[in-house]
Amino acid sequence: MTPQRAQLLARMGLAPLWRLRQAPDDDAAERAVEAEEASDAAESPVHDMAPDAGAAAPAAAMTLPAVAFDTSVAPMPEPKPAPDADDGSAWERLEREIRDCTACPLHRQRHQAVPGIGDRHPRWLVVGEGPGAEEDRRGEPFVGPAGQLLDAMLAAVGLSRQQGAFIANSVKCRPPGNRTPETDEIASCFPYLRRQVRLLAPRLIVAVGRPAAQALLNQPVRIADVRGRTFEFEGIPVIVTYHPAYLLRNPHDKGKAWEDLCRARALTRAAGP
Ligand code: SF4
């Protein structure tokens with residue numbers, strides 16, 4: 001693992017787990033970072049790596065469920081150009097429509113709509129809930145502490161909103177008081193998300209939080225029930241994980257989010273060049 005990646009994991013609150021050495025089946029988070037190490041070296045699978053028998057593992061770190069990672073895959077390949085991408089006019093038209101939209105009550109209290117930001121030829125489309133106060137003010141999704149954590153999570157798997165990832169929300173206008181968007185608000189806004197998916201043609205969609213998962217899966221969900229499974233939206237694999245704002249309130253679940261990102265990365269690789 002590079003010092004930079006170790007720093008990123010530290011920003012996710014995972015650095016103490018990385019330092020632990022213990023029985024392989026006891027701690028999925030450690031297996032994830034070991035898989036990371038194996039991938040970085042582009043060498044042997046993780047089961048070939050001898051555990052460090054000399055270090056003891058504190059019981060507090062042994063609480064995460066087991067998860068299998070494909071550690072034998074090659075480094076993430078470069079993305080294909082999005083087949084539906086055009087010269088930008090479709091994007092301009094879509095963003096203009098979003099900014100002018102009055103299709104649901106959320107337009108009444110917004111300062112501005114927040115269409116999304118990122119690489120328009122992404123490997124991953126990350127879909128969140130809706131803009132908060134700062135996002136509403138700046139016109140950009142995932143700013144502030146939750147956005148910084150999302151950026152660290154993406155960077156840990158080699159992506160950023162400049163390269164490899166596009167970030168959008170289920171609703172493009174801020175729900176008053178940062179409340180959860182209503183089902184009918186998500187439904188009103190969904191055509192915009194669908195158009196974004198078609199323009200971006202990502203290899204993978206990562207739904208962070210329940211509203212995003214419900215929008216893409218078109219059904220009520222509990223995050224605990226859908227984590228670890230792979231769904232599909234218009235032929236694109238969809239995985240679900242925790243929202244960064246939730247992880248800031250519940251840092252003990254960061255290890256699970258890291259498992260989800262590692263699984264997402266393996267799925268992206270399996271999709272091929
Ligand atoms: S949330 Fe979506 S549907 Fe509602 S006003 Fe904003 S852009 Fe339109």
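A residue counts as near a molecule or strand if its C-beta atom, placed from the backbone, lies within 6 Å of it. All views show a predicted model, in which local features need pLDDT of at least 70 and side-chain atom pairs count only at pLDDT 80 or more, while totals for chains, interfaces and linings use all residues. Residue numbers start from 1 along each chain as its sequence is written.

**View A. Shell around the ligand.** The ligand is surrounded by 14 residues, and the closest are Cys101, Cys104, His107, Cys173 and Cys189. Helix α7 gives the most to this shell, with three residues; helices (H or I, at least four residues) and strands (E, at least two) are DSSP runs, numbered from the N terminus. The shell divides into nine nonpolar, three polar and two charged residues (Ala, Val, Leu, Ile, Met, Phe, Trp, Tyr, Cys and Pro count as nonpolar, Asp, Glu, Lys and Arg as charged, and the others, Gly among them, as polar).

**View B. Packing of α4 against α7.** The axes of α4 (residues 89–100) and α7 (residues 183–200) come within 11 Å and cross at roughly 165°. Axes are lines fitted to C-alpha atoms, for helices over the stretch in contact, and angles run from 0 to 180 degrees between N-to-C directions. The two helices are therefore roughly antiparallel, a term for angles over 145 degrees. Ala90, Trp91, Leu94 and Ile98 in α4 meet Tyr192, Arg195 and Leu199 in α7 (contact: C-beta atoms, placed from the backbone, within 7 Å). By class, this contact has six nonpolar, no polar and one charged residues.

**View C. The six-stranded sheet.** The sheet is open, with mixed pairing and the strand order β1-β3-β2-β4-β6-β5; two strands pair if DSSP finds at least two bridges between them. β1 (117–118) and β5 (231–233) are the edge strands, each pairing on one side only. β2 (residues 124–128) runs parallel to β4 (residues 204–208) over four bridges, and Leu125 has Ile205 in β4 as its bridge partner. Helix α8 (residues 210–217) lies across β2, β4, β5 and β6 (236–241), running at about 135° to β4. Helix α11 (residues 254–270) also packs on the sheet, touching β2, β4 and β6, and its direction makes about 170° with that of β6.

**View D. Strand β6 and its partners.** β4 and β6 pair in the parallel sense over four bridges, with Ile239 in β6 as the bridge partner of Val206. β5 and β6 pair in the antiparallel sense over three bridges; here Phe231 has Val238 in β6 as its bridge partner. β5 and β6 form a hairpin with two residues between them, and Glu234 in the turn has a positive phi of about 50°.

Key:
Angles under 35 degrees count as roughly parallel, over 145 as roughly antiparallel, 65 to 115 as roughly perpendicular and the rest as oblique. Two residues are in contact if their C-beta atoms, placed from the backbone, lie within 7 Å.
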